[in-house]
Amino acid sequence: VSEYLEKGPSFVFLFHPALGPLWSVISQKIRGGSLGQQSELVLEISEVDMKDVHIEGSLTVHASDVMGATVKVPNSAQRETKYS
């Protein structure tokens, strides 16, 4: 525990739940490659096709509308997701 608190995690992988509910789904979208010691991969997106990407440092991919664009519902204050 003290080593972890001193050095931190060996790597960080954060992702939006829309990328995949299961590791088996995510592993179909991210194949091969590596995360170097104390590297970080942040995917705030719903789809990706990564093959043999090697990260030494930090890579962040951010989408402003992960699940699709939102539009205002007529005669309402609500918004709904519009899929293309």
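This is a predicted model: local features need pLDDT of at least 70, side-chain atom pairs count only at pLDDT 80 or more; totals for chains, interfaces and linings use all residues.
**Entry 1**

I located Asp 52 in the loop between strand S5 (50-51) and strand S6 (54-55). When I looked up its backbone, I found a positive phi of about 55°, although Asp 52 is not a glycine. I noted beside this that most residues other than glycine have a negative phi.

**Entry 1: Gln 38, another positive phi**

I then turned to Gln 38, where phi is near 60°, again a positive value in a residue other than glycine. I placed Gln 38 in the loop between S3 and S4, and I wrote it down as exposed, because its relative accessibility is 53% and the cut-off for exposed is over 50%.

I recorded Ser 34 as partly exposed, its relative accessibility being 33%. What does Ser 34 touch, once residues up to four places away in sequence are not counted? I found Val 53, His 54 and Ile 55. For Ile 55 I also looked up the C-alpha to C-alpha distance from Ser 34, which is 6.2 Å across a separation of 21 residues in sequence.

**Entry 2: the chain as a whole**

I stepped back to the protein chain and counted two helices and nine strands, which follow one another from the N terminus in the order α-β-α-β-β-β-β-β-β-β-β. The radius of gyration of the protein chain is 17 Å, well over the 12 Å that the globule rule gives for 84 residues, so I described the chain as more spread out than a compact globule. Along its principal axes the C-alpha trace spans about 55 × 30 × 20 Å.

I noted that buried residues make up 18% of the 84 residues, and that the chain exposes about 6400 Å², of which carbon and sulfur atoms supply 55%. Among the contacts with a separation of 6 or more, 29% come from residues 24 or more positions apart.

**Entry 3: the open sheet**

Which strands form the open sheet, and in what order? I read three strands in the order S1-S4-S7, with parallel pairing. Strand S1 (11-15) and strand S7 (58-62) each have a single partner strand and stand at the edges, so one side of each is left without a neighbour in the sheet. Neighbouring strands of this sheet are turned by 5° against each other on average, with direction ignored.

I checked the pairings one at a time. Five bridges join S1 to S4, and there I found Phe 11 with Ser 39 in S4 as its bridge partner. Five bridges also join strand S4 (residues 39-44) to S7, where Leu 41 stands opposite Leu 59 and Leu 43 stands opposite Val 61.

**Entry 4: the nonpolar core**

I looked next for the largest nonpolar core and found nine residues in it: Phe 13, Leu 19, Ile 26, Leu 41, Leu 43, Ile 45, Val 48, Met 50 and Ile 55.

I followed Leu 41 in more detail and, leaving aside its neighbours within four places in sequence, I found it in contact with Val 12, Phe 13, Leu 14, Leu 35, Met 50, Ile 55 and Leu 59.

Not counting residues up to four places away in sequence, Leu 19 touches residues including Val 25, Ile 26, Leu 43, Ile 45 and Val 48. I also looked up Val 66, which lies 47 residues from Leu 19 along the chain, and the C-alpha atoms of the two are separated by 9.4 Å.

**Entry 5: the hairpin of S8 and S9**

I finished with strand S8 (residues 69-72) and strand S9 (residues 79-82), which run antiparallel and are joined by four bridges. In this pair, Thr 70 has Thr 81 in S9 as its bridge partner. S8 and S9 form a hairpin with six residues between them, and in its turn I noted Asn 75 with a positive phi of about 60°.

Terms used. Residues are numbered from 1 along each chain as its sequence is written. Side-chain values use heavy atoms; hydrogens and water are left out. Two strands pair if DSSP finds at least two bridges between them. Axes are lines fitted to C-alpha atoms, for helices over the stretch in contact, and angles run from 0 to 180 degrees between N-to-C directions. A nonpolar core is a set of buried Ala, Val, Leu, Ile, Met, Phe, Trp, Tyr and Cys residues joined through side-chain atoms within 4.5 Å. Buried means under 20% relative accessible area, exposed over 50%, partly exposed in between (1.4 Å probe, protein chains only). Contact means heavy atoms within 4.5 Å. The radius of gyration is taken over C-alpha atoms; the globule rule is 2.2 Å times the number of residues to the power 0.38. Accessible areas come from the Shrake-Rupley method with a 1.4 Å probe; for residues, only the protein chains shown count as cover.
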